[in-house]
Every structure is written in structure tokens, then in C-alpha cells.
Amino acid sequence: MKRKEEEEDKNKKNYGMLTNMIYVMKGTFKYQKPLIPFLFFDAVVQTAMAFIWLVIPKLVIDQIMGNGSISSLLKVVLIASVIELFFLAFHQYVQTQMWWRFIYARMEFIMQRMRKALTMNYEKLENPKALDYMGKAERATGGNMNGIEGMMHSANDLFISVAKIITSAAVMFTLNPAMIILMILLSLVHYILIDVTKRRDKELCWDKLAPDFRKIYYLDQTTKNFEYAKDIRLFGMKDWLLGKQTEIHKKAHAKIVASKNRWLKCGILNQILGAIQDGILYAWLIYAVLYQGLTIANFTLYLGTVITFIKTLSQVLDNIAETRKQSLEVNDYRTFLELEEDAMEDNRTVYDREANKVKACNTSSDNDRQREKTKDKKTNSKVNTYRKLPMTDRYEFTFEHVSFQYLGQENYALNDVDLTLKSGKKLAVVGLNGAGKTTFIKLLCRLYEPTTGRILLNGVDIREYDRKEYYTIFAPVFQNVECFAFPIAENVSMKSPALTDCTKAEKTLILAGLEEKISSLEKGVKTELLKVLHDDGIDLSGGEKQKLALARALYKDAKVVVLDEPTAALDALAEYKQYMDFDKLIGGKTAVYISHRLSSTRFCDAIAMFADGKIVEYGTHEELLKSNGAYANMYEVQAQYYQEKEVVFDA
Ligand SMILES: Nc1ncnc2c1ncn2[C@@H]1O[C@H](COP(=O)(O)OP(=O)(O)OP(=O)(O)O)[C@@H](O)[C@H]1O
């Protein structure tokens with residue numbers, strides 16, 4: 001049966017709008033404290049600005065009707081103008097401050113998203129749902145008015161609007177309290193209309209577009225990626241790739257057209273509603289002038305106040321509708337940030353972990369307990385039950401009935417694997433393409449969790465250790481070596497410049513066989529790799545990259561070394577020499593060597609031959625040859641091939 005993705009709803013967060021607004025504003029104020037007074041004073045100033053020109057016409061009309069002098073009239077207007085000028089200057093200053101401070105705060109939210117992307121479980125990175133969440137979280141932080149920053153602006157607008165509404169409601173209350181209720185009701189209908197449209201639009205358009213955006217993004221990245229550029233040109237893939245992009249655009253277009261129509265209908269209904277609201281307002285005020293003795297001065301004041309009330313209320317309600325949409329995006333962001341890391345673990349493990357927590361507490365020292373407590377606090381008091389790695393140099397790994405099925409796959413890539421990797425011993429993992437060798441390594445390094453069975457480190461399930469700490473045990477060299485657009489030394493240390501020991505990096509590069517290359521470079525190990533960021537960056541050949549990866553493993557100096565055929569570019573003899581040389585360099589460390597070429601790993605203490613995800617033979621090279629099984633057969637075939645090649649070369 002296919003291994004299924006986790007249920008979407010299991011991970012999806014559904015916080016309310018207010019909770020999300022508090023979450024965003026808490027983060028915003030944490031990074032930009034001066035925003036608190038700015039927000040407050042701007043609300044006061046903007047409310048005062050809105051009302052100053054409502055009160056002035058009333059005062060002017062009162063003066064005229066009461067035969068006031070020209071000079072007192074001018075005085076009123078002048079004072080109002082000076083106050084407004086001062087308010088405007090203040091408002092302008094505060095707006096500019098708030099604008100860039102919101103952007104800076106958003107950058108911090110982006111950093112959190114990047115931190116999550118850099119540390120999330122490796123397995124999640126190929127889970128389409130997790131990738132969709134990642135894409136949506138990117139959109140939530142991707143612009144001034146999207147999710148996170150949009151909510152900051154909305155909170156600001158909401159604050160100002162509430163201040164204006166309270167003030168204008170107080171004025172209206174003096175004339176007719178019932179009018180306030182009627183205006184609120186009409187504005188609510190307007191709000192519901194916008195809100196329903198926005199929510200439907202997100203669900204039916206933007207959420208549905210997420211997989212399309214992921215595909216568009218992938219294709220877009222592929223066209224720009226230097227690694228793919230050779231194949232794209234030499235295989236003439238341009239039209240094919242553009243065709244794929246057009247196909248996705250077409251699908252996305254239909255959803256966008258539906259969204260446009262939805263908004264058109266909503267707009268027409270809102271215009272009708274606005275006209276009804278205006279009609280009621282004028283009828284009411286004219287009635288008050290004609291039959292209730294409302295003065296012309298107060299008519300202008302109330303008209304202005306009610307218009308401000310309606311406008312601000314509908315702005316608030318619009319803002320709430322927009323904020324709800326932003327809140328859904330903030331939910332996307334939080335869903336990604338809070339993605340359950342160990343969702344794959346079975347209940348038994350969680351149960352064991354709880355049991356071990358008790359055990360660990362009983363046996364650990366006071367210092368350990370204190371450390372655990374501090375860590376708990378830091379991680380929001382989430383249950384932290386991880387064990388510390390054993391304080392020993394002797395690490396023994398045991399695979400107990402380990403099976404593994406990739407997401408969405410029918411077949412098991414590993415099937416009931418039982419094996420022990422003893423401390424200080426060298427294990428060779430051999431087998432045909434697709435036999436499960438790399439999968440075995442990925443599980444050993446805990447990039448994936450077993451679907452069933454468990455892996456033990458010195459008798460303890462590896463899921464009981466902190467994943468990051470567990471990773472420190474391994475110095476891996478994988479088949480595909482990725483270089484980063486940083487200096488060579490940092491590509492070896494895989495650390496920041498401050499933490500990079502250039503002398504050590506150079507030494508390991510020399511040991512890995514890159515002495516000639518490094519000495520040919522003017523800036524030596526400080527030479528930048530790749531041209532993406534630096535015009536004078538260099539690129540390494542496939543073989544040189546593989547040697548760089550060996551240097552990385554030597555630099556890391558971890559307890560267990562894993563070589564997953566980084567020597568594919570070499571011939572059989574060179575590969576054998578490389579493995580032997582490397583083995584001498586790592587000395588007595590535990591090591592796992594993968595190769596297709598059985599001659600390369602014959603020096604190992606034990607050889608596990610994989611076929612169809614199972615260990616079909618296990619023993620030393622000599623034992624396996626003697627048993628005359630699949631290994632012996634394959635070795636013989638390969639030996640013949642090399643002999644034939646030698647004959648050809650000799651000839
Ligand atoms: N990320 C993945 N998603 C789905 N299936 C995968 C994934 N990686 C590997 N597989 C499948 O799992 C099986 C084992 O693959 P694995 O890479 O472990 O084989 P291997 O022995 O290392 O092969 P090779 O010698 O070619 O590197 C193969 O059938 C492969 O197609």
C-alpha cells in the first residue's frame with residue numbers, strides 16, 4: 001500500500017484573527033519597540049485632524065449667524081490651520097518611521113521562516129504539503145500588504161479608526177442614538193459581503209493556486225539554475241519547459257478569472273448599499289432641520305460627523321475583512337513554523353520517550369537537569385525529552401527490523417534490515433542501483449525515520465536524541481557534492497568565516513588531494529566558489545568537488561564517516577586507492593563505505609550486500625567469496641570486466 005501524506009488538517013493551524021493580530025504585534029513590538037508610542041500618538045493626532053475641519057464650519061456658521069466680527073472669524077480659521085499644520089508634520093514623521101520599522105519587523109519574521117526552512121526535517125522537504133505550507137508562508141511574508149506586514153498596517157489602521165468611531169459616535173449620540181445603530185447595521189451588511197467574498201476568494205482561488213505557484217516557482221528556478229543550464233541547452237529543452245509553464249499559467253488563469261467575477265458582483269452590491277445608506281442619512285437630517293429645529297451650523301456638524309462615522313466604520317469593517325484574509329495568511333505562516341517535526345514517529349516511540357524522560361531525570365546530574373530546564377523554557381516549555389549523546393568514543397549502531405517506504409511509494413526501499421555497525425569498524429554497503437544503499441545511509445544519519453523498526457545507538461533508539469546533536473556524529477560525503485557561493489575555506493568548514501580555521505581547511509584539502517589546485521589559485525583557500533555572487537568566483541570540476549567533499553569530512557572530524565560513492569567520477573583503480581587513502585586518513589573511526597565496485601571496499605571489516613532493500617549477504621570479503629553467492633558472482637563479473645579493460649588498454 002502507498003505511504004500517504006499526513007492529513008492536511010492535522011498540521012493546519014486555525015488561530016482567530018485577534019490571536020493572530022496579538023501574535024504579529026507582539027513580534028513587531030519585540031523587534032521595534034518605538035512603534036508602541038508612535039501607534040498611540042498617531043491615533044490621537046489623526047482623530048483630532050479628522051474632527052478639526054468638522055467643528056470649524058460649525059463655528060464659522062455660528063459666528064456669521066450671530067453677527068460675529070471678521071477678525072474673530074479669521075482667528076478661528078488661523079488657529080485651526082496652525083494646529084492642523086503641526087499635526088500634519090507630526091503625522092508625516094510618524095508614518096515614515098512606522099513604514100520602515102514595519103518592514104524591518106517583517107524581515108525578522110522572514111528570518112524565522114528561513115530558520116525553520118533550514119532546520120526542518122529533511123524528509124519534509126520532499127513532502128508536497130510541507131512545501132505548499134512553505135510557499136504559503138513565503139507569501140505571508142512576501143510583501144508590504146501580505147499576511148504579516150499587512151496585519152501590522154491593519155492593526156495601525158484599526159487603532160486609528162476605532163478612535164475616530166468612538167469620537168463621532170459620541171457626537172451622534174447627542175442627536176439620535178438610534179441612528180448610530182442603523183448606520184452600524186448597514187455597515188455590517190457591507191462588511192459581511194466583503195468578508196464572504198474574501199474568504200471564498202482565498203479558498204477557491206489563492207489556496208488552490210498554491211500548488212500551481214510551487215510548480216511555476218520550480219520551473220522559474222530551473223531556468224535560472226546554472227546546474228541545469230548545460231542540459232537545457234544541449235538537449236534543446238527550452239520549448240518543452242516554456243510549454244509546461246504555459247500549461248500551468250492557463251490552469252491558474254481560469255481560477256483568477258473566477259476571482260475577478262466574484263469581486264465584480266461584490267462591488268455592484270456594495271454600491272447599491274452605499275446609495276441606500278446616503279439616502280437615509282440625508283432624509284434624517286433634513287427632517288431634523290424642518291421639524292426638530294436643527295440649526296444650519298449643527299446640520300453641517302452632524303452631516304460631517306455621520307459621514308465620518310459611516311466612512312470610518314466601513315473602513316474598519318473593510319479593514320477587518322482584509323485583516324481576516326491576512327489572518328488566514330498568518331495562519332499559513334504559523335502552520336509552517338509550527339509544522340510537527342516528528343509527525344512520522346509512531347505512538348510507541350513517543351510512549352518510550354516519556355518513559356525515558358522519567359529514567360533520564362532519575363539518573364542525570366543536577367547540571368544536566370538544570371540544562372534541560374533552561375532548554376525547556378527556551379522552547380516555550382514544550383516537552384523536551386531528548387537524551388544527551390553518550391559521553392564515549394565508542395558508538396555502536398544497530399538496525400532492528402528496519403523498513404522504510406518513501407512518501408507516496410508502493411515499494412519499501414528498505415525491508416526488514418537487521419544489522420550492527422560496531423564502533424571503530426569499517427562497513428561496506430554494496431549492491432546494484434536502487435538496492436537501498438543510500439536509503440540505508442539516510443536512515444543511519446536520521447535524515448529519514450524508519451517506517452517500522454528502530455535504529456539504536458549504544459542500545460538507545462536514536463529518536464530519543466536531539467536531532468541536531470545526533471547530526472554532529474556524522475561526517476558524510478554524498479554522491480552529489482553541492483558547493484556554496486562562499487570562499488573555498490568556508491565550503492570546507494561549512495561554518496561562518498569567524499568559525500573557519502583556514503589553515504585546517506587548507507590542510508584537509510591537501511590531504512584530500514587538492515594541493516595542486518589550491519596552490520594554483522592566487523587567493524588560495526580564500527578564493528570564492530561559483531559566479532553567482534562574485535564575478536571572480538571559480539567553479540570546480542566534478543572530481544575536484546568530490547575531493548572538496550572529502551576535505552569537508554576530514555575537517556568535521558566527526559566520530560562516524562560515511563562515504564556514499566563520492567568517487568563515481570574515478571576509474572575502478574583510482575577509486576580503490578581513494579578509499580584506501582581516505583581510510584588511512586580517518587584512522588580508527590567508524591566508517592561506512594558505499595560502492596558499486598566490490599573491489600573498492602574489500603578491505604572493510606564487514607560487507608553488507610543489499611538487493612531490493614534487503615541485506616542478502618553479510619560477512620568479510622573472503623567469507624562472501626567462499627560462500628559463492630551473489631557477492632562472489634558479482635565480484636567475478638566485475639573482475640572480468642576490469643581484466644578485459646586492461647587488455648584493451650594494454651593493446
Ligand atoms: N526520495 C525518494 N522518493 C521516492 N523514492 C526514492 C527516493 N529516493 C530513492 N527512492 C527509491 O528507493 C529505492 C532505493 O534507492 P537508493 O537511492 O537507496 O538506492 P541505491 O542502492 O543507493 O542506488 P544507487 O546505487 O543508484 O545510488 C529506489 O527504488 C529509488 O527509486
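Tutor: When two axes are compared, angles under 35 degrees count as roughly parallel, over 145 as roughly antiparallel, 65 to 115 as roughly perpendicular and the rest as oblique. The model is predicted, so local features need pLDDT of at least 70 and side-chain atom pairs count only at pLDDT 80 or more, while totals for chains, interfaces and linings use all residues. Residue numbers start from 1 along each chain as its sequence is written. Helices (H or I, at least four residues) and strands (E, at least two) are DSSP runs, numbered from the N terminus.

Let's begin with helix H16 (residues 502–511) and H18, whose axes come within 8 Å and cross at roughly 130°. Axes here are lines fitted to C-alpha atoms, for helices over the stretch in contact, and angles run from 0 to 180 degrees between N-to-C directions. H16 and H18 are therefore oblique to each other. Their crossing is right-handed (the near helix is turned clockwise from the far one by less than a right angle). H16 brings Lys-504, Ala-505, Thr-508, Leu-509 and Leu-511 to this contact, and H18 brings Ala-551, Leu-554 and Tyr-555. Residues are in contact if their C-beta atoms, placed from the backbone, lie within 7 Å. Sorted by class, the contact of H16 with H18 has six nonpolar residues, one polar and one charged. In this scheme Ala, Val, Leu, Ile, Met, Phe, Trp, Tyr, Cys and Pro are nonpolar, Asp, Glu, Lys and Arg are charged, and the others, Gly among them, are polar.

Now follow H18 to the sheet. H18 (residues 542–556) lies across E6 and E7, running at about 175° to E6. Both strands belong to an open sheet of six strands, ordered E6-E7-E8-E3-E9-E10, with mixed pairing. Strand E6 (474–477) and strand E10 (614–619) stand at the edges with a single partner strand each, so one side of each has no neighbour in the sheet. On average, neighbouring strands of this sheet are turned by 15° against each other, direction ignored. E6 and strand E7 (residues 560–564) run parallel and are joined by four bridges; strands pair if DSSP finds at least two bridges between them. Look for Val-477, which stands opposite Leu-563 in E7.

A further helix, H13, lies across strand E3 (426–431), E7, strand E8 (590–595) and strand E9 (606–611), running at about 155° to E8. H13 also leads us to the ligand: helix H13 (residues 437–444) supplies three residues, the largest share of the shell around the ligand. That shell is made of Glu-126, Tyr-406, Gln-409, Ala-413, Gly-431, Asn-433, Gly-434, Ala-435, Gly-436, Lys-437, Thr-438 and Thr-439. By class, the shell has three nonpolar, seven polar and two charged residues.

The crossing of H9 and H10 is right-handed. From H9, Gln-277, Leu-281, Leu-285 and Val-289 make the contact, joined by Phe-299, Tyr-302, Leu-303, Val-306 and Ile-310 of H10. The contact of H9 with H10 counts eight nonpolar residues, one polar and no charged ones.

Key:
Contact = placed C-beta atoms within 7 Å. Near = placed C-beta within 6 Å.
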